[in-house]
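Q: Could we go through this structure together? I would like to begin with the loops and then turn to the helices.

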Amino acid sequence: MANRRALALYIVIVLVSMLFSFVAKRGIPTVARNGAVIGSVSSAGTRTIARRSFSFSSSSWSPKSTGGSSKSFTTATGAAASASAAAAATNYDNALTSVLHYEVAVAYQPKDREESNLFKKKHNKPSPALESPSGEDNLFVSKELGQGYLAVGVADGVGGWSEAGYDSSAISRELCASFRAKFEASEDLANVTPKQLLSKAFEEITHSPKVEIGGTTACFGILTPDKKLKVSNLGDSWCGLFRDYQLINESHFQTHNFNTPYQLAKIPKQIVRQAELEGRRYIIDSPELADEYVWDLQSGDVIMFATDGVTDNVIPKDIEIFLKDQLDEKSNKLDEVAQLFVKEVVKVSKDTNFPSAFAQELSRLTGQKYLGGKEDDITVVLVKVK
């Protein structure tokens, strides 16, 4: 009898742990089992890089696939009004951009959402994340400056704030818009770094009425005329550099705990104080904690910026297979490749039998076997070096 009770207790603990793991990343404050708070203002956090050891067959990268969502994602051939509205909401001008040294394509698809009753009750209108073409994700592609400078990037808003009645998509959208504007106003393009601009952009939105409250990750880059890529990454969005369709460089995930990334946050002081009185703290990381990278580029290189809707589902090997198949063997246009990639990631994110990266990590941590994709907003900026 005692053994049965112990087994039942163990099962309950595992199930509860699994539940908290799934919601922790997009929850607001996250508290550890010992009462200590995960993600305090202190810079002391555990930095982890998930190593994933599985993939799916290249046969799943079929252009005949229909994906798995009732929502459509932005295409270069879509209706002009729809494309214009989407571009305005996601801080880019065209789904396919060709400049002196680079070709850039964007694609995204929000996850299926239900209306937040709390948000609707508070604001008497639908949650903005429901109306955003990229959900709580956002992206930007700047105008070309000088003799070939370009800035691109992705950001992922913390969804838990929508459950508290706030616009969780505002901070990622406004951070991208501010970064783009500051890059395009830069006078010293040769020396400016994405980390410097990230810091200035975040400072601006902390005083902007357009963002009431929220948190976001950020993976931003600057491409130069001499074919270099400067990257600043905070959190678990991702940038990878592929040469001859092989991953040769990538940014590292920054996390405080499993499924709890570093994140920039704007939280009113009274809410922070109330949390402290209750023994809780919010995750509020500084732009200074962002990792920086500088990579040399060559003609033919492919760069991908992606939110964790991609990396929680597929691994670099899958991306390598896909890029080779679509760009080398089929010679598709870059915007078509980006759109198809997002469509296929959406498809596996909804597959309950797919061994996603998220399921693999959860299996490793709990000792139990889990399968299934992880549904999320999926956003990609794809760059090809000419």
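Q: Where is Lys 227 placed?
A: In this predicted model, Lys 227 sits in the loop between strand S7 (214–223) and strand S8 (228–234).

Q: What is its phi, and is Lys 227 buried, partly exposed or exposed?
A: Its phi is near 60°, a positive value in a residue other than glycine. Lys 227 is partly exposed, because its relative accessible area is 22%, and the buried class stops under 20%.

Q: Which residue just after H10 takes a positive phi?
A: Ser 331 does, with a phi of about 55°. It belongs to the loop between H10 and H11.

Q: Is Ser 331 buried or exposed?
A: Ser 331 is exposed, since its relative accessible area is 58% and exposed means over 50%.

Q: What else do the buried residues of H10 pack against?
A: Besides H11, they pack against strand S9 (238–243), strand S10 (246–250) and strand S15 (302–306). Among the buried residues of H10 are Asp 318, Glu 320 and Asp 325, together with Ile 319 and Phe 322.

Q: What about the lengths of H10 and H11?
A: H10 has 14 residues and reaches 19 Å from its first C-alpha to its last, close to the 20 Å expected.

Q: How many residues of H11 are buried?
A: 13 of the 16 are buried, so H11 is largely enclosed by the rest of the structure. Over the chain of 386 residues, 53% count as buried.

Q: Switching to H6 and H7: how do they pack?
A: Helix H6 (residues 170–184) and helix H7 (residues 194–206) pack at an angle of about 125°, with axes 8 Å apart. That makes H6 oblique to H7. Their crossing is right-handed.

Q: Which residues meet in that contact?
A: Those in H6 include Ile 171, Glu 174, Leu 175 and Lys 182, and those in H7 include Pro 194, Leu 197, Lys 200 and Glu 204. The residues of this contact divide into 10 nonpolar, 1 polar and 4 charged.

Q: Lastly, where does Ala 359 lie, and what does it touch?
A: Ala 359 lies in helix H12 (residues 357–366). It touches Tyr 370, Leu 371 and Gly 372, not counting residues up to four places away in sequence. Ala 359 is buried, with a relative accessible area of 3%.

Q: How far apart are Ala 359 and Lys 369?
A: They are 10 residues apart in sequence and 8.0 Å apart in space, C-alpha to C-alpha.

Methods: Residues numbered from 1 in each chain as written. Predicted model: local features only at pLDDT ≥ 70, side-chain atom pairs only at ≥ 80, totals over all residues. Heavy atoms only, no water. Helix = DSSP H or I, 4+ residues; strand = E, 2+ residues; numbered from the N terminus. Expected span 1.5 Å × (residues − 1). Buried < 20%, exposed > 50% of the residue type's maximum accessible area, 1.4 Å probe, protein only. Contact = heavy atoms within 4.5 Å. Axes fitted to C-alpha atoms, helices over the stretch in contact; angles between N-to-C directions. Parallel < 35°, antiparallel > 145°, perpendicular 65-115°, else oblique. Left-handed = near helix turned anticlockwise from the far one by under 90°. Nonpolar A, V, L, I, M, F, W, Y, C, P; charged D, E, K, R; others polar.
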